[in-house]
Amino acid sequence: MFTSVLMIEQPLTTVDVDFVTSLHGDDPVSFVVLMQPRGDQDRLLRAIDDVALGELPEAIREGDEPEGEDALGPAAHALAHSLNALRQKGAKAVGQIVEKHPLDKLQSVVDETGADEVIVLTSPHFVEEFFHRDWASRARHKVGVPVLKLFAHNE
């Protein structure tokens, strides 16, 4: 069985689930999903990304994003939704919320599970990507397995 560690920051959409479950054809895939609460990311960088994408109303609402303990409830809901969607497509899936040090957690999960790859499914983060400080760029230097970066869809 092929094992993928899937890093997400929002619930998986139907398109996302269809895509990641079909990456390896008919081979069975097991997913370990790591959910990073969106509120823990830097608010200013998110607002800059929103402006760059022409989503001015989203940039204005960045101040309303829950942070810290308040972000855990929405993250748990997003994780449960995502795991359920993967299982409905026939994949094995377990997951957890990453509260601190996402790349350290990623490394330990890759080591513990013997994962074959990491998939980072994220929204565009122009500032972080430009400076190669996004999850995928940083993970490529840390985990020792292939890292695939995909852009999440919105429904």
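Q: In what order do the elements of the chain run from the N terminus on?
A: Starting at the N terminus, the elements follow one another as β-α-β-α-α-α-β-α-β-α-α-β, and the secondary structure comes to seven helices and five strands. Helices (H or I, at least four residues) and strands (E, at least two) are DSSP runs, numbered from the N terminus. The model is a predicted one, in which local features need pLDDT of at least 70 and side-chain atom pairs count only at pLDDT 80 or more, while totals for chains, interfaces and linings use all residues. Residues are numbered from 1 along each chain as its sequence is written, and side-chain values use heavy atoms, leaving out hydrogens and water.

Q: What makes strand 3 and strand 5 stand at the edges of the sheet?
A: The open sheet has five strands in the order 3-2-1-4-5, with parallel pairing, where two strands pair if DSSP finds at least two bridges between them. Strand 3 (92-97) and strand 5 (147-151) each have a single partner strand, so one side of each is left without a neighbour in the sheet.

Q: Why is strand 4 called largely enclosed?
A: A residue is buried when its relative accessible area is under 20%, exposed when it is over 50%, and partly exposed in between (1.4 Å probe, protein chains only). Six of the six residues of strand 4 are buried, so the strand is largely enclosed by the rest of the structure. E117, I119 and L121 point one way from strand 4, whereas V118, V120 and T122 point the other way. In a regular strand, side chains alternate between the two faces of the sheet.

Q: What makes the group around L6, F31, V33 and L86 a nonpolar core?
A: A nonpolar core is a set of buried Ala, Val, Leu, Ile, Met, Phe, Trp, Tyr and Cys residues joined through side-chain atoms within 4.5 Å. The largest such core in this model has 21 residues, and L6, F31, V33 and L86 are those with the most contacts inside it. Strand 1 (2-8), helix 1 (14-22), strand 2 (29-35), helix 4 (72-88) and strand 4 (117-122) each supply at least two of its residues, and helix 4 gives the most, with six. A second, separate core of 16 residues includes V5, L106, V118 and A139.

Q: How do you know that K89 and D18 meet in a salt bridge?
A: The term requires a side-chain nitrogen of Lys or Arg within 4 Å of a carboxyl oxygen of Asp or Glu. The side chains of K89 and D18 meet at 3.1 Å, N to O, and this value lies within the limit, so the pair is called a salt bridge. K89 lies in the loop between helix 4 and strand 3 and D18 in helix 1, 71 residues apart.
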